[in-house]
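Please load the model in your viewer and keep the selection tool at hand.

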Amino acid sequence: MKLLKVLVLGVSISLNLQAQTPATSIDKKVSTLLSKMTLEEKVGQMTQITIEPFLKMNGNQPVYPHQLDEEKLSAAIKKYKIGSILNVGGNAQTKENWRNRITVIQRHALQERLKVPILYGVDAIRGNNYTSDAVMFPHQIAQAASFNPAMAKKGAEVTAYETRASFLPWNFSPVLDLGRQPMWPRIYETYGEDPYLVAEMGKAVVAGYQGNAAITDKYHVAACLKHYMGYSMPLSGHDRTPAWIPERELREYFLPQFATAVKAGAKTVMVNSGEINGVPVHANKHILTDILKGELQFKGFIVSDWQDIQYLFQRHKVAKDNKEAVMMGINAGLDMSMVPMDFTFCDALVELAKEGKVPMSRINDAVSRILKVKYELGLFENPTGNTEDYPLFNSPAHNKVNYDIAAECITLLKNNAILPLSSGKKILVTGPSANSMRALNGGWSRNWQGTTSDSTEATKNTILEGIRNTFGTNNVEYSEGASFENAINISETVSKASNSDIIVLCVGENSYTETPGNIGDINISAPQIELTKALAATGKPIVLVLTEGRPRIISQIEPLASAVLHTYLLGNEGGNVVADALAGKINPSGKLPYTYPRNSNSLINYYHKFTETLQAEDPAGYNPQWEFGYGLSYTTFKYSNLKLSSNTLSAAGSITASVDVTNTGSIAGKESVLLFVSDLVASITPEAKRLRGFEKIFLAAGETRTVHFRITPDKLSFININLKRVTEPGEFKVQLGGLTSTFNYK
Ligand code: BGC
């Protein structure tokens, strides 16, 4: 009898344990907490306020280092029950200041009736850039050039660790916008123009940020996919201006990467600030609710972008006032409003709920999603952190990860047998970005526009400093030549060039992001062209080093250069990496994650339609400076033996494409092997080709490896005229290196 009881008890215990998976126990906690909440408390959870109103001010500038104005903070928590705070309030703060900030904020939040911790969000978009001294990685566009998601994941793990070291649990990253409009000032925040590459990088980085555990541990953060969706292709190329994207194209090019990252478990999503086809996305129920929460089954929460509910009436003019704007946004499916400066959202939503204009079911849904993420982040148990847990913050190990990533991003676009540079040469280093940490880091570097990097990153090496360290100060001359905007000392620079063997000319862009980064002309600036032409007239060979957030057209000066190294925005290790690449310590292995345009009125992506192919009668067809996926090495790779396991693919089957890649040079190198497939005839005009797989391999000199790609029908699919994903029977062409082969899908 006793035995039976024990057995029965054992069974019931194990059944209970099975029933209590973290997910169900969190769901229970959420519904219990929700049932105790007043309407005002619920609305508070949906409210996100920026930190500025809670900082002590000196005139209109925060006191530095920042100090919290606890009275204002406490009033906001007591009266409005706010559930979330964001941002830095200007310049980066030390991690000690952040820890103090979060500790004080949580103390106030936990004094409240229901003790719900505040969720603090920050743009740690390339490392924890808003905390002083945290590692600043290459921007996303550079990381995409590595074609190495595993490496990007390592960077994301470091970012998560260093963000959590500031007690910050939520990162507004990654950007999954498609970088296919090169004028757009946020191209560098993307993983480039190809949806598959964006999806693979995004998936890896979400895993790096969030880790795998059901409850996020103290070394991981919640990711925020942004800016859902279609933000990146304003017709004008200017930030937050109208886009016209038919739903078929949205689903073909802009949605898949979000779908992949949602499936990978991303906890939050931020919305596109712009309008598509005349409808602001913040008011688009179809995009937010039907597609994201319905079709994609997204279970996390959706946060607005900065002030975007208010902008529904202030800018977009689809609502007559704030209250109508709140109604539109919340009914469309937004769960949290980044208000961010006042409490008008709270007042409006409480009224709307009382009037029945926003259903309580919608509010309960939003709050449940937010509380769920707070539980999943472990904030109820650990709303702050332990200072001793983060000894690796800005450690040599973390900085090494940064160097290793940057080394895989740098992209060699031209080399007339001049690189690597032989030693003992006299080098003139010149150009506006030669001695600038600001140009290496771009925007989102200790402050929004990245304006302070020259002082905040003074201990890191600029390109000039890196070259001096590597090649010896005596061999290196410097002259600025020009700034981005003006000629400075061109004739002096030319005479220094005449006394040198080689010119390293660093050109590109200064830092910017979002609307302040809009440009009227995508050509590289005139003073930089003038400087290049003057230097070229000396007859000395020029190595052009590009430091730029988007591909500025250089067709006038590229022919004057003997070599071109593209660094995108390589971050704090950029100076060392450029120097080591010039010296041959790094063998470049990056490949372009976008099409580099040649002409300003011909901004065409690689997956263009056949009607855009360059033809004799149309000189403005697809004729880029360099194609997507282009990148050289100091060694050479030969592709041979392309084989398909079958010439026929069936609906339930798969075929394997394989190719031998040989390092035919005399040094080791890495090669990203890119699989392109073309659908030769389709009911929607097919693209010239699409990337359907990639793998980065290491080959010692003389080594050969066979690379395999599995091709399944879904990899060949596209969105048809009825908005359905289909794979149509017919012939397909596979391209690997310069080799091609065809197969039939039946
Ligand atoms: C940007 C977002 C960012 C947010 C918070 C907005 O202006 O569009 O990418 O996450 O500000 O800083």
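**Stop one: the largest pocket**

Begin by selecting α8 (195-210), which supplies five residues, the largest share of the lining of the largest pocket; helices (H or I, at least four residues) and strands (E, at least two) are DSSP runs, numbered from the N terminus. The model is predicted, so that local features need pLDDT of at least 70 and side-chain atom pairs count only at pLDDT 80 or more, whereas totals for chains, interfaces and linings use all residues. Residues are numbered from 1 along each chain as its sequence is written, and side-chain values use heavy atoms, with hydrogens and water left out.

The largest pocket has a volume of about 790 Å³, and of the 24 residues that line it, Pro256, Ala259, Thr260, Asp714 and Arg725 are the closest to its centre. On a 1 Å grid over the protein atoms alone, a pocket is an open set of points with protein on both sides within 12 Å along at least five of seven lines, a cavity is a set where a 1.4 Å probe fits but cannot get out, and lining residues have an atom within 4 Å of a point. Grid points are joined across faces, edges and corners, and a volume is the space filled by probe spheres set on the points.

Colouring by domain shows that the lining draws at least three residues from each of domain 1 (37-384) and domain 3 (637-745), with bounds that come from an automatic or database domain assignment.

**Stop two: the second largest pocket**

Now select Asn87, Trp306, Trp444, Trp448 and Glu514, which lie nearest the centre of the second largest pocket among its 28 lining residues. About 600 Å³ of space lies in this pocket, and its lining draws at least three residues from each of domain 1 and domain 2 (410-612).

**Stop three: aromatic rings**

Rings of Phe, Tyr and Trp (its six-membered ring) pair if their centres lie within 6.5 Å, and planes under 30 degrees apart count as stacked, over 60 as edge-to-face and the rest as tilted. Select Tyr253 and Tyr607, a stacked pair at 5.3 Å centre to centre with 15 degrees between the planes. Because Tyr253 lies in helix α9 and Tyr607 in the loop between α22 (574-583) and β19 (637-644), the pair ties together parts that are 354 residues apart in sequence. Tyr253 is buried, with a relative accessible area of 5%, and Tyr607 is buried at 3%, where buried means under 20%, exposed over 50% and partly exposed in between (1.4 Å probe, protein chains only).

The charged end of Arg690 sits over the ring of Tyr607, 5.6 Å from its centre, while Lys689 lies over the face of Phe676, at 4.1 Å from the ring centre; the criterion is NZ of Lys or CZ of Arg within 6 Å of the ring centre and within 35 degrees of the ring normal.

**Stop four: the largest cavity**

Which residues lie nearest the centre of the largest cavity? Select Asp679, Pro686, Glu687, Arg692 and Phe718, which hold that position among its 20 lining residues. The largest cavity has a volume of about 180 Å³, and α9, β22 (669-679) and β23 each supply at least two residues of its lining.
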